[in-house]
Amino acid sequence: MDEAGLRTLLDRLADTEPPPARVDLDAAIARGRRGRRWRRVRAGIWALLAAGAVAAVVAALVVPAQPSAQRPAYGAAAPARFNPLVPYAEFGWLPPGFQVGVRGGTMSRSGPAQLILDAFSGSNAILQLFVYPTGICHVGHAEVCSAYNTSQPVLSRAPDVHGHRAYWLRTASLTWEYAPGAWSVLSWPQISPWPPDGSERAAVLRVAAGVRYGQTAPIRFPYWLSGLATPWRVSNVDYTLLAGRPAVQTLEVSNGPADTAGVDTIDVDFTPAAHSDWSCPTEGIQHVTVDGAAAVLDNLPGGERVCIPDWRGLRLSVMTAFLETPRPHPADVLTIARKLHPIGPDPAHWTADLQR
Amino acid sequence: MSGPQVDYVEYVAGRLARLRRLAYLLCQDWHEADDLVQATLTRLYTYWPRAARMDNIDAYVRTILVRTFLGERRSAWSRRVLLPGTAQADGVAAGADPDAVLDVREALAAIPPRQRATLVLRFYCDLDVEQSATVLGCSAGTVKSQTSKGLAALRRMLEPAWGGGSDRG
């Protein structure tokens, strides 16, 4: 993707001739007044929280069952759901110049119905692998992965990958059935010609054939959770590779199935406090404590966040993007923050045992 | 009308067109964009006593708009069919390549809302990674990740139409 080209197109798109505005300023003011009254009610709720008066709201800690990852032979059955804490696949071979992990500047995303692996090259080209569990994708005239609303037209049959059927897709991608009913998609940065030929073709097929499934290396965390109150569960984990091992960047928990309608999500972000690339807010905040650590509560419209500037060497942010009052319950962000137990910034001490 | 309310109305009058354009890039639909702006201005009024004292009200309002967009999309996105080809055909700016502009709108409509918001903040609002992270309420690392995923997704959808032939990132 040419970033300058995208910038130009966004400018042109924004310059599209708008219809007359339907914005009603009087209605905004009237509803805004009601919102001010609601804020005063919420301020009272937060005061109660700070005093610990609603501790009884916190439900019993439940560790949701996660399917275990196994290391199957190529083509053996894939699970119906992935364990977000144990990335199911990894690259086995990458073209020269491509890297994954911190050195490559990449982040991957592990969820129950989709695993996304990124590899970057020195020229900033991105190669992406999407891995789906059994039953998510179906291939006919197009590959349709229903859970994610994606549909990619099939161009032609491609050489089998380890004896399993594969197809070239119009979107500069190769897809193959790595296990019965389970598909992978490799998105390639070089698109002309497509399907590729010569060494390009060999490289695409070699990356596909090299993918290793059934991985069992768990993601490691600089904190652990003393449990999540029902119905909260781990839904997605953004992770990178540190010294070749998966390490969390962002933990996402949801109060329902991942990536579905009506489900609230809360993100837990962290950074070493001494080398942080972000700060806790200082305006419009409320001061609270989390396990004795000073923290701030930021209830900006559209998002609620607990930010702990320095908790045993970690800076932690627990945030939801919701403000559709009163959901999620105002206690949820602070409740989940109080389930965190920081370990520290040294990856050597991090844990894969996230929920205890 | 009281003094603060006058300030609020004056502020909104001066920024309405810009807010609508930002909302349109996020929604790809002018009606939805106006709904988003309406919700943003309602929330802005709720918080106006605080906002009016800020050095950078524009940044604050942008944050409200983007987070409102993401909040509402999280509850609604899977009920919407976000497949390429479903965006409505609004008019295109004079002088623009209509096909390219419509392509990018359809492609934007087909990527997840958080990636879309990240790309709009980075490449339309010209925010850097840290500024985008502040608006989105996430880490700089997550912004980088969302940017790379969003660009990759756009590339996958746009390249066949653009017919490019070189290495891209």
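Over which residues of chain A does the pLDDT stay under 50? In this predicted model, that stretch is residues 37–71 of chain A, for which the model has 44 contacts beyond four places in sequence; here pLDDT is the predictor's confidence in each residue, from 0 to 100, and two residues are in contact if their C-beta atoms, placed from the backbone, lie within 7 Å. Residues are numbered from 1 along each chain as its sequence is written, while chains are lettered from A and ligands numbered from 1 in the order in which they are written. Because this is a predicted model, local features need pLDDT of at least 70 and side-chain atom pairs count only at pLDDT 80 or more, whereas totals for chains, interfaces and linings use all residues.

**Confidence in chain A**

- The mean pLDDT of chain A is 77, and 74% of its residues reach 70 or more.
- Residues 321–328 of chain A also have a pLDDT below 50, and beyond near neighbours in sequence this stretch has 23 contacts in the model.
- Where pLDDT is low, the predicted coordinates should not be read in detail.

- Strand 16 of chain A, residues 245–254, is mostly covered, with seven of its 10 residues buried; a residue is buried if 20 or more other C-beta atoms lie within 10 Å of its own, exposed if 12 or fewer, and partly exposed in between, with C-beta atoms placed from the backbone.
- Helices (H or I, at least four residues) and strands (E, at least two) are DSSP runs, numbered from the N terminus, and two strands pair if DSSP finds at least two bridges between them.
- Strand 15 of chain A, residues 233–242, runs antiparallel to strand 16 of chain A and is joined to it by nine bridges, with T240(A) standing opposite A247(A).
- The hairpin formed by strand 15 and strand 16 of chain A has two residues between the strands, and in it A243(A) takes a positive phi near 50°.
- Strand 16 of chain A also pairs in the antiparallel sense with strand 17 of chain A, residues 265–272, over five bridges, and V253(A) stands opposite I266(A) in strand 17.

**Backbone geometry in the loops of chain A**

- Most residues other than glycine have a negative phi, and most peptide bonds are trans.
- The peptide bond from W194(A) to P195(A) is cis, with omega near 0°, and P195(A) lies in the loop between strand 11 (182–187) and helix 3 (198–210) of chain A.
- D291(A), although not a glycine, has a positive phi of about 50°; this residue is found in the loop between strand 18 (285–290) and strand 19 (293–298) of chain A, and D291(A) counts as partly exposed because it has 14 C-beta neighbours inside 10 Å.
- R312(A), likewise not a glycine, has a positive phi of about 50°; its place is in the loop between strand 20 (304–311) and strand 21 (314–320) of chain A, and R312(A) counts as partly exposed because it has 16 C-beta neighbours inside 10 Å.

**An exposed residue of chain A**

- D353(A) is found in the segment after strand 22 (340–342) of chain A, and D353(A) counts as exposed because it has 11 C-beta neighbours inside 10 Å.
- D353(A) and I219(A) are 134 residues apart in sequence, yet 9.0 Å apart in space, C-alpha to C-alpha.

**The nonpolar core**

- The largest nonpolar core has 135 residues, and those with the most contacts inside it are V306(A) and A23(B); a nonpolar core is a set of buried Ala, Val, Leu, Ile, Met, Phe, Trp, Tyr and Cys residues joined through C-beta atoms within 7 Å.
- Helix 1 of chain B, residues 3–27, supplies the largest share of this core, which is nine residues.
- Not counting residues up to four places away in sequence, V306(A) touches V290(A), A295(A), L297(A), V318(A), V333(A), L334(A) and A337(A).

**Chain B**

- Chain B has eight helices and zero strands, and 57% of its 169 residues count as buried.
- Helix 2 of chain B, residues 30–46, is mostly covered, with 14 of its 17 residues buried.
- In helix 7 of chain B, residues 129–136, the buried residues include S132(B), A133(B), V135(B) and L136(B).
- Seen down the axis of helix 7 of chain B, its buried residues fall within an arc of 160°, so they line one face of the helix; the arc is that of the directions from the helix axis to the C-beta atoms.
- Helix 7 of chain B is followed by G137(B), whose phi is positive, near 70°.
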